[in-house]
Amino acid sequence: MNFDVLKTFCDLVDTGSFSKAAQINYISQSAVSQQLAKLERDMQVQLIHRGGGLAGPTEAGRALYEGSKDILRRWESLQGQVRTAADAVRGVLRIGTIYSVGLYQLDPYIRRFLREHPEVNVRMEFEHANRIYSAVANGQMDLGVVAYPEPQRSLEVIPLATDPLVVTVPRGHRLDGRERVDPAELDGEDFVAFAPDIPTRRQIDKLLRSAHVNINIRMEFDNVETIKRAVEIGAGLSILPLACIRDEVSRGGLASAALRGGARWSRPLGILRRRGKSPSSAEENFLTMVQTPQTA
């Protein structure tokens with residue numbers, strides 16, 4: 001079994017999008033379709049439902065997804081152990097991140113780094129935040145990039161950026177066309193939310209409670225791509241990082257409005273690294289690049 005094919009399949013399930021799975025794995029959308037078709041031929045079963053705007057797994061697809069995630073974690077752990085001794089000479093940089101950061105804020109940095117340092121083998125993994133913390137702490141990843149970073153005894157946090165959180169609605173919604181919205185105007189609205197264990201969800205819940213706003217959570221998802229698709233089809237509004245929705249807003253699929261309340265409606269991003277660990281040359285160059293202001 002090809003591990004890259006399994007990873008692409010898992011990314012397809014996570015994002016619900018052939019185009020996003022292609023972007024994550026730096027392959028074409030047609031290559032994702034071809035890989036899926038081969039998997040379905042090999043398994044002799046349909047793995048993904050087509051149509052309806054989302055690429056959702058069938059029951060068989062969900063079973064393959066769960067098993068593949070476990071296999072990929074074990075394989076990555078084994079690779080990490082083998083590579084530890086060789087990284088210094090091979091120039092390997094292992095970065096873990098969440099989808100909403102990796103696809104938008106981090107992707108331009110990765111592309112620039114690859115252009116400037118083609119000798120470095122960058123391995124970027126998309127995981128849930130709690131998995132990233134543990135992987136950086138135990139050395140399976142060199143760096144982790146997360147939202148609402150929390151320093152720990154074994155980890156240090158390097159601030160990266162902040163991203164505004166904005167109200168996101170489908171076209172035609174009563175808030176479509178507004179530049180700014182008071183949180184109180186969201187009271188009673190149907191809402192599509194991040195899963196409860198995701199740091200961005202916890203912070204949004206806290207801010208809404210402090211504004212005495214009650215929302216009707218209709219759906220919960222663990223990644224931003226599925227949330228956007230649900231908002232587009234009218235399942236409810238959401239509060240999402242601005243960087244994640246710019247494409248949909250520019251294409252006319254979604255509309256957004258800033259929230260009154262200033263900087264508290266912003267999501268901080270940070271880089272995790274193991275405390276006391278000497279950085280490799282590749283890691284040092286990457287950290288220098290992301291912390292250097294861009295010039296016009």
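This is a predicted model: local features need pLDDT of at least 70, side-chain atom pairs count only at pLDDT 80 or more; totals for chains, interfaces and linings use all residues.
Select residues 99–116, which form helix α6, and then residues 224–232, which form helix α9. The two helices pack at an angle of about 90°, and their axes are 8 Å apart. An angle of 65 to 115 degrees counts as roughly perpendicular, so α6 is roughly perpendicular to α9. To see where they meet, show the side chains of Ser-100, Leu-103 and Tyr-104 in α6, together with Val-224, Glu-225 and Lys-228 in α9. By class, this contact of α6 with α9 has three nonpolar, two charged and one polar residue.

**The nonpolar cores.** Next, select Leu-93, Ile-95, Leu-106, Leu-186, Ile-239, Ile-271 and Phe-286. These have the most contacts inside the largest nonpolar core, which has 70 residues. Centre the view on Phe-286: leaving aside neighbours within four places in sequence, Phe-286 is in contact with Leu-93, Ile-95, Leu-106, Ile-110, Phe-113 and Leu-143.

**The loop residue.** Now go to Glu-127, in the loop between β4 (121–126) and α7 (129–137). Is Glu-127 buried or exposed? Its relative accessible area is 12%, and under 20% counts as buried, so Glu-127 is buried. Not counting residues up to four places away in sequence, Glu-127 touches Arg-73, Thr-97, Ile-98, Ile-132 and Met-141.

Notes: Residues are numbered from 1 along each chain as its sequence is written. Side-chain values use heavy atoms; hydrogens and water are left out. Axes are lines fitted to C-alpha atoms, for helices over the stretch in contact, and angles run from 0 to 180 degrees between N-to-C directions. Helices (H or I, at least four residues) and strands (E, at least two) are DSSP runs, numbered from the N terminus. Angles under 35 degrees count as roughly parallel, over 145 as roughly antiparallel, 65 to 115 as roughly perpendicular and the rest as oblique. Contact means heavy atoms within 4.5 Å. Ala, Val, Leu, Ile, Met, Phe, Trp, Tyr, Cys and Pro count as nonpolar, Asp, Glu, Lys and Arg as charged, and the others, Gly among them, as polar. A nonpolar core is a set of buried Ala, Val, Leu, Ile, Met, Phe, Trp, Tyr and Cys residues joined through side-chain atoms within 4.5 Å. Buried means under 20% relative accessible area, exposed over 50%, partly exposed in between (1.4 Å probe, protein chains only).
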